[in-house]
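User: Please show me how the features of this structure should be read.

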Amino acid sequence: PRLRFLLPFSDSSVVRCGGRLTREPFPMTHFDSDEQLVQASLTGNSMAFGQLYERYIDRIYKYLYYRSFHQETAEDLTSQTFMRALEHLSSYNVTKGTFSAWIYRIARNLLIDHVRAVKPTAELADFSEILRDTHDLTQTLEQKQQLEQIQAALRSLTPEQQELLLLRIWDERSYAEIALILEKSEASCKMAVSRALTTLRTSLPAATLALLIHLLHLPPTYVS
């Protein structure tokens, strides 16, 4: 499928084709930081928000896809995220956190609204679903059994713990950003992740834990 995310604030566009992004070139002034781009956008630089768009489109799409597991939903929510960010850009306050955390929070809120509208009692996709979607572990009976153990262990975590692990490990967000995205304290986020990792260490055999570390591309000391 081919999706064109139109940039209403410029004469250019970004095209998603076969999972790759191709861009039609347009002249831009270079800015080093997100905050500089935000300020430039607010002062009328029509290209500045386009640069923010290019910086974050892949990350936001990935965030939404691996919680909905539905391409069209992820594409629609990605478009909505950037449109809402553009519409409310003046409300972004650099003293309260990064632009990254701000736009992730917009994406998360849109996803929650979508999930509740479709099925009010549904939860966001969990970590075990991501592992099943991105890895083929059914080559041997032992691998299949290990995957089942991992999925059971991950499902034993609370929805909050799973979301924290997803943001910390899968999305590679800092604790400071996670706290802003979830509107919690940084200390409580660190404690919840620590407890979740402790649960996994105590509930999984050593060999299965090693496989989980491999799947998540973690250094061996991460959950040791």
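Analyst: Contact means heavy atoms within 4.5 Å. This is a predicted model, in which local features need pLDDT of at least 70, side-chain atom pairs count only at pLDDT 80 or more, and totals for chains, interfaces and linings use all residues. Residues are numbered from 1 along each chain as its sequence is written, and side-chain values use heavy atoms, with hydrogens and water left out.

User: Which residues does Q161 touch, not counting residues up to four places away in sequence?

Analyst: Under that condition, Q161 touches A192, R195 and A196. Q161 itself belongs to helix α7, residues 159-170. Helices (H or I, at least four residues) and strands (E, at least two) are DSSP runs, numbered from the N terminus.

User: Is Q161 buried or exposed?

Analyst: Buried means under 20% relative accessible area, exposed over 50%, and partly exposed in between (1.4 Å probe, protein chains only). Q161 counts as buried because its relative accessibility is 13%. For the protein chain, 46% of the 224 residues count as buried.

User: How many helices and strands does the protein chain have, and in what pattern?

Analyst: There are ten helices and three strands. Along the sequence, the pattern reads β-β-β-α-α-α-α-α-α-α-α-α-α. Among contacts with a separation of 6 or more, 58% involve residues 24 or more positions apart.

User: How is a pair of aromatic rings described?

Analyst: The description uses the distance of the centres and the angle of the planes. Rings of Phe, Tyr and Trp (its six-membered ring) pair if their centres lie within 6.5 Å; planes under 30 degrees apart count as stacked, over 60 as edge-to-face and the rest as tilted. The structure holds eight such pairs. In one of them, the ring centres of Y63 and Y104 are 5.4 Å apart and the planes stand at 85°, so the pair is edge-to-face. Y63 lies in helix α2 (residues 48-68) and Y104 in helix α4 (residues 99-118), so this pair ties together parts that are 41 residues apart in sequence. Both Y63 and Y104 are buried.

User: What is the geometry of the pair that Y92 and W102 form?

Analyst: That pair is tilted, at 5.6 Å centre to centre with 55° between the planes. Y92 sits in the loop between α3 (71-87) and α4, while W102 is in helix α4, so the pair ties together parts that are ten residues apart in sequence. Y92 counts as buried at 10% relative accessibility, and W102 is buried with a relative accessible area of 10%. Ring pairs link Y56, Y92, F99 and W102 into a cluster.
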